[in-house]
Amino acid sequence: MLMHTTFSTYFYPKIHYTQKLKAVNSYASDKSTTLKDVPFHFQIQKKVKDPLNCNNKLCFCCSRRSFMAAVGAAALLPIHPSLASDDIDSMAMLNRLHPPRPDWYEEFYAAAMNTSMKSYESEIEGYKSELFANLRGQAKQILEIGIGTGPNLKYYASEAGTSVYGIDPNRKMEKYAQAAAEAAGLPPSNFKFLHAVSESLPLRDASVDAVIGTLVLCSVADVNLTLQEIRRVLKPGGLYLFVEHVAAADGTVLRFVQGLLDPLQQTLADGCHLTRKTGNDISKAGFSNVDSHQAVLSAASLINPHIIGIACN
């Protein structure tokens, strides 16, 4: 989770336009529909009683070495025996893909994230509520990549028996995520913050029911490797829930401006890319089913459109 909308709002002009629905894969509708003012729940034709059952055609679904990020994680996240001979040093992976920043910078970034995303979170609340409702009664072991300050926890962490692992390369996010977990009603024993990158997840194979990622794939160093890691840690039939911003349609004014400002955005927003076609990456990652819809958020400025959906492992 990165401060995309904050930097875009202050440093870039706000662009207003109407985005048309585009199907990411064959499971999505072929119709073009104006989505700017359409709530997410109207985009979903039917809710599935069991979203983990991906054999249902109506379902809304669209080895590396594990490491122990902290001593306390040893009992919860043992290294899978089949991965023990892998010579990849996961801590080296963290340092290579996300080189250590000064403490003052990471603290500033985390504090800014905690206070400056309120307008964005307010606008996207309806979309997230509909999306995360698919986890109720279905997922007990949940991993959130790029958990940041934990704005998503209130949507899915309050259900009894839920355990959450939060991954983030910024260690200073932990205290904010811990506070968000407590506010969501998640017992401290059921929440574990792990300092890691999404390209090398510190969980063993097939260990979680669901993976959540919002505004993450725009800034990871390797999108495809991250998606393969997500598939690795998901149980068969597990769900990957995502909210990501993607490049605007080719030939549009917005797409031209995104391309022009992409290098600046990467510098200001800790590696965030404005021009990634993340929907295509997700649809080609090998999930058994992917369903995604697009939405435009006025609070997101250049960080539009968004894709919101579920992929089934």
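Buried means under 20% relative accessible area, exposed over 50%, and partly exposed in between, with a 1.4 Å probe and protein chains only. This is a predicted model, in which local features need pLDDT of at least 70 and side-chain atom pairs count only at pLDDT 80 or more, while totals for chains, interfaces and linings use all residues. Side-chain values use heavy atoms, with hydrogens and water left out, and residues are numbered from 1 along each chain as its sequence is written.

1. Eight salt bridges are present in the structure, the term standing for a side-chain nitrogen of Lys or Arg within 4 Å of a carboxyl oxygen of Asp or Glu.

2. One of them joins Lys-128 to Glu-121, with 2.9 Å between the closest N and O atoms; Lys-128 is buried at a relative accessible area of 1%, and Glu-121 is likewise buried, at 12%.

3. Asp-209 pairs with Lys-235 in a salt bridge whose closest N and O atoms are 3.1 Å apart. The two residues link distant parts of the chain, 26 residues apart, since Asp-209 belongs to strand β4 (residues 208–214) and Lys-235 to strand β5 (residues 234–245), strands being DSSP runs of E with at least two residues and helices runs of H or I with at least four, numbered from the N terminus. Asp-209 is buried at 14%, whereas Lys-235 is partly exposed at 30%.

4. Lys-175 and Glu-107 form a salt bridge at 3.3 Å, N to O. Lys-175 lies in helix α7 (residues 174–183) and Glu-107 in helix α4 (residues 103–116), so the pair ties together parts 68 residues apart in sequence.

5. A network of salt bridges links Asp-205, Glu-229 and Arg-232.
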